[in-house]
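Hi there,

Here is the structure I promised to pass on to you.

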Amino acid sequence: MSLLLVSIFFIGITYLDPPEEYGIAVNFGTSNVGMGNVQPKEPLKTISEQKIVEEKQEEVQEISEPKIKEKVSEAVEDVATQNNEESIAIKKKQDAKRKADEIARKKQLEKDKIERAKQAAIAKQKAEEAAKRKKLDALIGGINNSSGAASGGEGNDLTPGDKGNINGDTNANGYYGNGGGGGNGDYNLGNRKPVNRPKPNYICNEEGLVVVRIEVNIYGKVIKATPGVKGSTNTAQCLLIQAKEAALKTKWQPDTNAPSKQVGTIKYRFSLSQ
């Protein structure tokens with residue numbers, strides 16, 4: 001048994017080293033499942049981490065989109081507000097211009113109306129002057145029809161000519177003839193007589209009778225005179241004014257038994273002849 005053990009020790013039972021193994025190369029990966037055609041070079045994140053990342057991206061996208069929409073809407077509102085303000089400002093300017101044009105138009109119409117009235121007054125005055133000249137020409141034979149051969153002129157106007165009356169006196173100083181009352185019958189105040197009889201001035205080429213209604217107090221003063229009453233044959237203003245002034249200057253006999261305002265008349269005859 002001893003020899004057997006020794007022989008086995010030296011000779012022993014021979015055995016072979018295990019042969020080298022041969023097989024298929026395994027793909028690099030970090031999970032038991034996968035999808036896609038792109039080979040990652042590094043380990044992928046776990047499914048739970050990937051979901052968290054995707055959810056965060058979606059939240060960020062959801063948050064950012066409303067903000068973008070809000071910014072866009074705010075910008076639109078700002079533009080709309082700005083447009084409204086500009087429209088209001090333009091409308092105000094247009095209204096102001098329209099009002100200014102209306103005021104200017106009314107002023108122009110008023111100015112035109114005044115100008116038309118002025119032109120009408122001038123035309124009327126010219127027509128009256130032409131009528132007076134025609135009447136005067138008829139009375140004195142007409143300046144245009146004069147056949148005199150004398151030269152020069154005389155008068156107190158700035159127009160060339162010989163001022164006066166064709167039947168007048170070359171040595172007389174007056175140019176318009178006589179004016180005044182003729183006889184006692186021209187002064188009528190009951191039993192009272194005039195103390196003085198001032199004559200009216202004669203300042204125009206008009207003639208005729210002017211009747212003046214007078215009111216006289218108990219002291220003989222004329223306190224009111226109204227020229228051109230019934231019986232007058234010419235009511236030209238140049239005659240009425242002078243007749244009134246002469247009547248107010250007239251003095252009458254005082255009478256304490258007379259009414260406080262005794263009414264009478266004075267007649268003034270204006271004539272173009274001396």
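A polar contact here is a pair of N or O atoms within 3.5 Å; within protein, one must be able to donate a hydrogen and the other to accept it, and residues adjacent in sequence count only if both atoms are side-chain atoms. Please keep in mind that this is a predicted model, in which local features need pLDDT of at least 70, side-chain atom pairs count only at pLDDT 80 or more, and totals for chains, interfaces and linings use all residues. Residues are numbered from 1 along each chain as its sequence is written, and side-chain values use heavy atoms, with hydrogens and water left out.

With that in hand, have a look at S232, in the loop between β4 (222-227) and α3 (237-249); helices (H or I, at least four residues) and strands (E, at least two) are DSSP runs numbered from the N terminus. A polar atom of the S232 side chain lies 2.9 Å from the backbone nitrogen of V211. The side chain of S232 also has a polar atom 2.8 Å from the backbone oxygen of V229.

Next, strand β5 (residues 262-271). Its covered face is made of Q262, G264, I266, Y268 and F270, while V263, T265, K267, R269 and S271 make up the uncovered one. Two strands pair if DSSP finds at least two bridges between them. Strand β3 (residues 208-216) pairs with β5 in the antiparallel sense over nine bridges, and I214 has G264 as its bridge partner in β5.

Rings of Phe, Tyr and Trp (its six-membered ring) pair if their centres lie within 6.5 Å, with planes under 30 degrees apart counted as stacked, over 60 as edge-to-face and the rest as tilted. The count by this rule is two. In one of them, the ring centres of Y202 and F270 are 5.3 Å apart and the planes stand at 55 degrees, so the pair is tilted. This pair links distant parts of the chain, as Y202 is in the loop between β2 and β3 and F270 in strand β5, 68 residues apart. Buried means under 20% relative accessible area, exposed over 50%, and partly exposed in between (1.4 Å probe, protein chains only). F270 is buried because its relative accessible area is 4%, and Y202 is buried at 12%.

There are five salt bridges, each a side-chain nitrogen of Lys or Arg within 4 Å of a carboxyl oxygen of Asp or Glu. Among them is K97 with D101, at 3.2 Å from N to O. Both residues sit in helix α2 (residues 47-140), four residues apart, about one turn of the helix. K97 is exposed at 55%, whereas D101 is partly exposed at 42%. Another is R105 with E102, at 2.6 Å from N to O; these two are also in helix α2, three residues apart. R105 is partly exposed at 43%, as is E102 at 32%. R213 and E215 form one more, at 3.3 Å from N to O. Here R213 is partly exposed at 33%, but E215 is buried at 12%.

Finally, which side of the cut-offs does F9 fall on, buried or exposed? F9, placed in helix α1 (residues 2-11), is exposed because its relative accessible area is 67%.

Enjoy exploring!
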